[in-house]
Amino acid sequence: MEKLRQKIEKRQALVGVVGLGYVGLPLAVEFAKVGFKVTGIDRSKKKVTTINAGRSDVEDVASSTVATLVASKKLVATTSYTAIQKTDVVIICVPTPLSKTKDPDVSFILSAVKGIKKHLHPGQLVILESTTYPGTTEELILPILEGTGLKVGRDFYLAFSPERIDPGNKTYRVKNTPKVVGGITERCTQMAELFYEQTILEVVSVSSTRSAEMIKLLENTFRSVNIGLVNETALMCDRLGIDVWEVIDAAATKPFGYMPFYPGPGLGGHCIPIDPHYLSWKLKTLNYWARFIELAGDINANMPAYVVRKINDTLNRVRKSINGSKILVLGVAYKRDTSDVRESPALDVIKLLQERAAQVQYNDPHVPKLSLDKSALSSVALTAKLVKEADCVVIVTDHSAYDYQWIVHNAQCVVDTRNATKAVLDNKDKIVKL
Ligand SMILES: NC(=O)c1ccc[n+]([C@@H]2O[C@H](COP(=O)([O-])OP(=O)(O)OC[C@H]3O[C@@H](n4cnc5c(N)ncnc54)[C@H](O)[C@@H]3O)[C@@H](O)[C@H]2O)c1
């Protein structure tokens, strides 16, 4: 234990990061920046080539930063797990999606752990960062790693530390977002804590890997449930003829006991639509029905259909139907100012419109191409002609690059799912808000 402690403190510990995506790359870069030698292991050859060529494919990480770290040999990428042999610390940041039946798909974690197992050696610290259900580290990973004959807490250390990265957030980055850690044993927790303290400003340790796993799921379930509540509030306000946005803004003036969440076209990204299902799945195995999660999931999943109903009603007012109408979707990323389209509600909105025979085009300054189930679309240039010719313009993602005044001025009508046109004062009658 003492040897690894010294290596970490002197920043001589060799670090391996398995999975160099939205989570793994920023983390690898952060540790390399403070002096650790980091090897990134990713099964994607393309990703490995990109990084070794000094380029970043993650928006929050500048290519110049990757280039400097690669040139100074602080960061290198490979597809081979043999690199684990030399590493003192291994962090797993692989995807944890859902299967088609919405069950947890932990196959990426399993394949990463099996890759690590072959090279596990005494004195190594292994940390899982992928979001997963409580019990994964202890029930799934520990038996595999102890299958080598090495004993946790004595020969190697195992911990869970949830990743909290918020892509596109300019204020809270890896370094200044407090990091939660929980180890299998106390020694494991201490070692993981020491490791993260080398670069992250605040590290919070908890009593177990299960607690650490649950903390992440509470955070994301909290968001999902509150978004579900506010989406339902939007549906209720619509029936009552009340502007939900005005209600939320005014409620948010209460300085205590209230926190604003905003309605929208549905959930997106790799976290909020997925993570709560990891928790409800685990609870089902214990004969418990996680009602809030299922209810919020249901409301949120139906928001794209609600948006399409709004488009339908808007066209209907001018005696048009979705069938045959030109509909321009603005923004397809799931989140403002990012290029991430994973689980984006725009995909569902477009699909539903196409099923109703609309002529759909989209523009997104961050997403040049979009793959759909059976087809692909390319972002079209945002010209006044395009906006004028659309029977309906639908704002799905409120990117800050858009000039909303100009859009409303040129559009025949606008369905605004994000209150992006809040500051537009002219032509208000053209705007239909969620
Ligand atoms: N993206 C976010 O905002 C975010 C935030 C917090 C937590 N998380 C969690 O972090 C984890 C990773 O998410 P992400 O967004 O970085 O995913 P990602 O898809 O961007 O990146 C994952 C990377 O892992 C690689 N990979 C997959 N299997 C591998 C294997 N067996 N060996 C080596 N490499 C492998 C993929 O090629 C990919 O480059 C997930 O559990 C996610 O829920 C994500």
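What covers the buried residues of H5?

1. Ground rules. This is a predicted model: local features need pLDDT of at least 70, side-chain atom pairs count only at pLDDT 80 or more, and totals for chains, interfaces and linings use all residues. Residues are numbered from 1 along each chain as its sequence is written, and side-chain values use heavy atoms, with hydrogens and water left out.

2. Helix H5. This helix runs over residues 107-117. Its buried residues are Ile109, Ala112, Val113, Gly115 and Ile116. Buried means under 20% relative accessible area (1.4 Å probe, protein chains only). They cover an arc of only 155° around the axis, which puts them on the same side of H5. The arc is that of the directions from the helix axis to the C-beta atoms. An α-helix has 3.6 residues a turn, so residues three or four places apart point the same way.

3. The cover. It includes strands S1 (14-18), S4 (89-92) and S5 (125-128), along with helix H6 (136-146). Helices (H or I, at least four residues) and strands (E, at least two) are DSSP runs, numbered from the N terminus.

4. The whole chain. The protein chain has 15 helices and 15 strands. Of its 434 residues, 51% count as buried. Its C-alpha trace spans about 75 × 50 × 45 Å along the principal axes.

5. Contacts. Take the contacts in the protein chain with a separation of 6 or more: residues 24 or more positions apart account for 68% of them. Contact means heavy atoms within 4.5 Å.

Key
Buried < 20%, exposed > 50% of the residue type's maximum accessible area, 1.4 Å probe, protein only.
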